[in-house]
Amino acid sequence: MDILFKKNDISSDVALIIGVYEDLSLTKTAKKVDQLLKGGLTNVLKNNEFTGKIGQKQDLIPPASLQTKRLVCLGLGKKKEINELTACKIGAYAANALLTSGETAVEFAVDDLPAAAVGFGAKIASYRFTKHKTVFKKPVTLKEFYILTEKPQVAQNQYEPYFAISKGIHTARDLVNEPLNIVNPIAFAKRAEELQKYGLTTEVYDEKQLKAKGLNMMLGVAQGSVNPPRLVVAQWRGKPEDRKTHAVLVGKGVTFDSGGLSLKPSAGMEDMKEDLAGAATALGTLQALAMQRAKVNVAAVMAMVENMPSGTAQRPGDIVKSLSGTTVEVINTDAEGRLVLGDALWYAQERFKSPIIIDLASLTGAIIVALGTDVAGLFSNDDKLAGQMEKAAADSGEKVWRMPLDDLFEDDIVSDIADIKNATSTRAAGSITAAMFLKHFILPETKWAHLDIAGVALRGKDALLGPKGGSGFGVWLLDRYILDNLEVKN
Ligand code: BES
Ligand code: ZN
């Protein structure tokens with residue numbers, strides 16, 4: 001669906017959405033319609049269950065003098081609560097209202113609402129992953145979403161960055177939605193290379209190169225699969241005169257997590273195609289930054305592997321020497337994310353010497369027990385960075401909750417015969433012990449944040465801002481964090 005901005009003139013041949021606030025006060029266009037109806041709109045609303053609550057919808061019969069094809073009244077919520085995020089939600093409600101209605105175009109008279117944010121909400125809500133479908137029960141019919149506003153050119157310009165973010169989100173969603181037989185590590189690397197057209201640079205390292213470098217923890221996870229691993233490094237350098245890399249995003253890219261020899265139960269195992277969500281989000285964020293030509297240098301290190309059981313698979317009890325030199329006892333082959341990330345984090349720091357590293361990983365089932373499916377776990381060794389991430393989360397509506405990273409948990413991951421082990425003897429504080437494991441691969445001078453996105457990466461049901469499936473969680477949040485705190489403004 002395309003988002004288009006147009007001067008405030010209502011056409012006769014398409015559907016029209018008008019807005020009404022929660023106290024039933026009418027927007028400018030709604031007032032116009034009310035006048036045409038000789039007070040009929042106010043009357044209908046008063047005598048109905050319609051309260052103007054955000055997202056509430058009331059179909060109206062268009063007055064003859066208006067000649068619009070279809071008329072929908074949409075609740076905008078409280079006027080004083082209108083901000084970027086609520087405007088985005090209103091856009092999503094508006095799109096969802098007619099997405100599969102048979103209408104092909106709609107005009108939404110946004111009046112006082114921030115038009116660009118409305119467009120963004122409508123855009124991400126209209127995403128559907130249909131490429132493998134040959135039969136549609138409820139096809140999306142809406143192709144053109146016109147936003148009627150006083151200053152369409154201004155709104156169009158303000159929409160550009162949102163469009164970039166929506167593209168990044170859709171890239172992340174696509175990669176999560178694709179099953180392993182379509183997106184394996186090699187295919188992921190190809191998708192990353194396709195983004196060179198936006199100005200990203202990419203490098204892809206194969207298993208031989210990884211062996212030579214010494215990423216043995218990552219290779220250990222990959223060794224059971226017929227699909228070989230790839231380390232994908234992408235960069236957006238929007239400030240090329242500056243040699244520094246301002247931040248590195250490190251993504252867990254387990255294209256499928258069967259658990260390996262510590263095999264997962266079969267119920268729900270298909271969802272483990274989502275286990276590359278961290279890498280998908282890192283790549284989507286870089287795409288968003290590149291499309292905005294953001295004046296910042298950001299790299300993404302994406303560690304792509306498949307975790308499978310086989311005769312060549314890593315065994316519980318194996319000891320591996322990580323890239324950092326720390327030795328690790330593999331207690332549970334299903335706790336593979338921390339192994340893959342440990343090497344990727346070390347590689348990222350050695351290579352880029354960036355002051356800030358943010359990793360994203362669908363790391364633990366325990367974070368779902370702790371925070372559910374709408375809030376990601378945030379871990380950080382730096383209060384300022386954590387605060388900035390919390391602010392970006394509040395602005396973007398992609399919620400995070402800070403979890404403790406306390407030395408108290410350190411004893412749990414000490415191994416009897418190696419330095420550390422990848423799983424503990426109990427399930428207690430599973431997300432924290434996983435984060436503590438990662439901390440072993442963080443240099444003291446690095447400001448580090450870890451987002452455990454296991455609960456939020458794949459939606460179990462349709463939501464306001466997108467359908468069931470890959471959510472793209474984190475792209476908007478990271479884009480906001482980077483632009484607000486790291487972009488060089490001038
Ligand atoms: N990929 C999973 C985590 C996960 C769970 C992601 C649910 C998305 C939804 C991870 O690799 C894993 O299996 N973790 C184990 C760790 C345990 C064996 C210490 C877990 O959380 O059970
Ligand atoms: Zn696992």
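How many bridges join strand β7 to β8, and in which sense do the two run? I looked that up first: five bridges join β7 (residues 201-205) to β8, and the strands run antiparallel.

**Ground rules**

I'm working with a predicted model, where local features need pLDDT of at least 70, side-chain atom pairs count only at pLDDT 80 or more, and totals for chains, interfaces and linings use all residues. Residues are numbered from 1 along each chain as its sequence is written, chains are lettered from A and ligands numbered from 1 in the order in which they are written, and side-chain values use heavy atoms, leaving out hydrogens and water.

**Around β8**

My strands and helices are DSSP runs numbered from the N terminus (helices are H or I with at least four residues, strands are E with at least two). I call two strands paired if DSSP finds at least two bridges between them.

Is β8 largely enclosed or open? Seven of the eight residues of β8 (residues 230-237) are buried, so the strand is largely enclosed by the rest of the structure. Buried means under 20% relative accessible area, exposed over 50%, and partly exposed in between, with a 1.4 Å probe and protein chains only.

**A three-stranded sheet**

I then followed an open sheet with mixed pairing, in the order β11-β12-β16. Its edge strands are β11 (319-321) and β16 (420-421), each pairing on one side only. β12 (residues 327-329) pairs with β16 in the parallel sense over two bridges, and V328 stands opposite I420 in β16.

**Aromatic rings**

I counted seven aromatic pairs. Rings of Phe, Tyr and Trp (its six-membered ring) pair with centres within 6.5 Å; planes under 30 degrees apart are stacked, over 60 edge-to-face, the rest tilted.

F108 and F145 make an edge-to-face pair, 6.4 Å centre to centre with 80° between the planes. This pair links distant parts of the chain, with F108 in β5 (residues 105-109) and F145 in β6 (residues 144-149), 37 residues apart. Both F108 and F145 are buried.

Why do I call Y159 and F163 tilted? Their ring centres are 6.2 Å apart and their planes meet at 45°, so the pair counts as tilted. Y159 and F163 are about one helical turn apart, because they sit four residues apart in helix α5. Y159 is buried at 3% relative accessible area, while F163 is partly exposed at 26%.

**Cavity linings**

For linings I take residues with an atom within 4 Å of a cavity point; a cavity is a set of points on a 1 Å grid over the protein atoms alone where a 1.4 Å probe fits but cannot get out. G220, V221, N307 and T333 are among the residues lining the largest cavity. For the second largest cavity, the lining includes A172, V176, A277 and F473. The elements giving two or more residues to that lining are α5 (152-177) and α9 (277-291), and α9 gives the largest share, three residues.

Key:
On a 1 Å grid over the protein atoms alone, a cavity is a set of points where a 1.4 Å probe fits but cannot get out, and a pocket is an open set with protein on both sides within 12 Å along at least five of seven lines; lining residues have an atom within 4 Å of a point.
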